[in-house]
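Reader: Hi! Could you walk me through this one? I'm new to reading structures.

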Amino acid sequence: MCGIVAYIGNRQVYPILIKGLQRLEYRGYDSAGIAILNNSELAVYKRAGKVSELDDVLKGKHLKGNVGMGHTRWATHGEPNDTNAHPHFSESKNLAIIHNGIIENYASLKEELIKRGHIFRSDTDTEVLVNLIEDILQNANPDLDEAVRLALNEVVGAYAIVILSKNHPDKIIAARKGSPLVIGVGKDEYFVASDATPIIEYTNNVIYLNDMEMAIVGKGKLMVKTIQNQIKTPYIEELEMNLEQLEKGGYPHFMLKEIYEQPRSVWDSMRGRIDASKGFLRLGGIGDYENKFYNAKRIIIVACGTSWHAGLVAEYLFEELARIPVEVEYASEFRYRNPVVTEEDIVIAISQSGETADTLAAIDLAKSKGATIFGVCNVVGSSIPRATHAGSYTHAGPEIGVASTKAFTAQVAVLTLLALQLARKKGTVTESYFHSLLNELEQIPGKVEQALLTNDKVKSIAQKFIDVRNFLYLGRGYGFPVALEGALKLKEISYIHAEGYPAAEMKHGPIALIDEHMPVVVIANKNGSYEKVVSNIQEVKARKGIIIAIVTEGDTVVKGLADYVIEIPRTEDILVPIVSVIPLQLLAYHMAVMRGCNVDQPRNLAKSVTVE
Ligand code: G6P
């Protein structure tokens, strides 16, 4: 969603802002803008559309200045047009603001400000905040930072903001609540951004601002305080990310690069955590909470999107291996339905970005009821790992393509390790099965590599279906969450309607859709429910549906029934999701490319959903 980049130092700010905004494009946006503060001139340039279009318009202008900020907007209040794009000036044009998040009480604040004679140019909640700050400055004449602080105390909702003032050409003010902000620390210079991607090129040293904190940043000067006016000592951390991870590395799209990174990213998620030759398995993140897990009567998993699908795989894993009952919840539903949560519950929050607003709110709710919260996140230092009691990073590396791929397989790998660790401790798996699973886990990166060899075949299949309007995905057992994930990938990036279903449920509804035009993707690996899936395939064929089957190499039965087969290596049942999802990611990717869709930044979607 919206992206923020800001800079104060001795470099020319324009290239930093444009490059920073380009690095933030992956989050999803519909308009972009910048503000540059040069002595006491404060200029704002913004427009609907891509950052490159903004750059095309501004390139010739030779914009000068060492202080500035840029924003990519994902529309919430008001349509995506030039006026609603950020930055927003205050009424006098003395102040400019950029904002991520939603000011929930904007309507009442706006009404009050209108009564006091203020005029608004846009439909945004953001313009209300900047005029509120200006109103406080005009009426009470405090310092700028004090005016910002007072205004933030009146705001209900979530925000990450940066403010520039014509009357303070040597400072920028930033603040956050519920929406992330990172400060990059260079030599006599500072960067502020919604995530580390625009900063990494310049410095590895960062400060993560906490909720309800504001930073007053000058050239070589930084002060952090809470919006309750308590001074804080900032803690500088070193980023592990490098620039290469943020580039496409020769691939046409980030998504394809990330699909192909999976042999490595799956391995990275297990590296140092398992050693089959020694029978070793240890997720260090559990720390002091292992006994809590051991005694847990129930695990509740909260997540959204693809991470929710990883949660569904985990439900099968924890129940089968560790014999702990699991409930998998959409974070957005869980947070609003007064769920029964007790101190004996373990809540696992799964999130690639670590910033998803609904998942964060679900964590807060479960915490307030005394549950122990365990995070499974990819982005180091993000909000969810900081809000949880314990957790394990997935170490998949930065994921830039909006449609999640390598984050999913890494999540499933980490959750498998977690389930297996608990199963061993509880004695719910035999030692020999435990060892064979560890061995197989070490083979999984190689099997993912083999699954990637299906690429040409998948591409040729994709070619046949680029004009269809609907797809059905079916699976049973561990194949069911994979079917959901395959369908989600396809709709996200190719805009083809796709539904995932448990194969046996097909006859309770979707079967009515099947005719000779309906492609049905079936996850039909050799596992416990293989025979039953074969029957489901026959039901589709009897109605002339077109079967695209993901099968275990060497399969002959499904081969005889299906119109297209994609063979993947044989693995343990519980590890099938990590391997079988690969051809489905490739299928969605090729369909989207052939249909001319923007694979990495699909319309209307955001990578990091920081509003509810
Ligand atoms: C957005 C992204 C999805 C992602 C979901 C949850 O919708 O487009 O790819 O699965 O958010 O995000 P999280 O960062 O919490 O995994």
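Reader: What lies 2.6 Å from an N or O atom in the side chain of Ser353?
Author: An oxygen atom of the ligand does, and that pair is a polar contact, meaning N or O atoms within 3.5 Å. This is a predicted model, where local features need pLDDT of at least 70, side-chain atom pairs count only at pLDDT 80 or more, and totals for chains, interfaces and linings use all residues. Residues are numbered from 1 along each chain as its sequence is written, and side-chain values use heavy atoms, leaving out hydrogens and water.

Reader: Which helix gives the most to the shell around the ligand?
Author: That's helix H9, residues 305-322, with 3 residues. Helices here are DSSP runs of H or I, at least four residues, numbered from the N terminus.

Reader: New topic: is Leu490 buried or exposed?
Author: Leu490 is buried, because its relative accessible area is 0%; buried means under 20%, with a 1.4 Å probe and protein chains only.

Reader: Which residues does Leu490 touch?
Author: Leaving aside residues up to four places away in sequence, the contacts of Leu490 (heavy atoms within 4.5 Å) include Phe471, Tyr473 and Met591. Leu490 itself lies in helix H16, residues 479-494.

Technical notes. Helices (H or I, at least four residues) and strands (E, at least two) are DSSP runs, numbered from the N terminus. Buried means under 20% relative accessible area, exposed over 50%, partly exposed in between (1.4 Å probe, protein chains only). A polar contact is a pair of N or O atoms within 3.5 Å; within protein, one must be able to donate a hydrogen and the other to accept it, and residues adjacent in sequence count only if both atoms are side-chain atoms.
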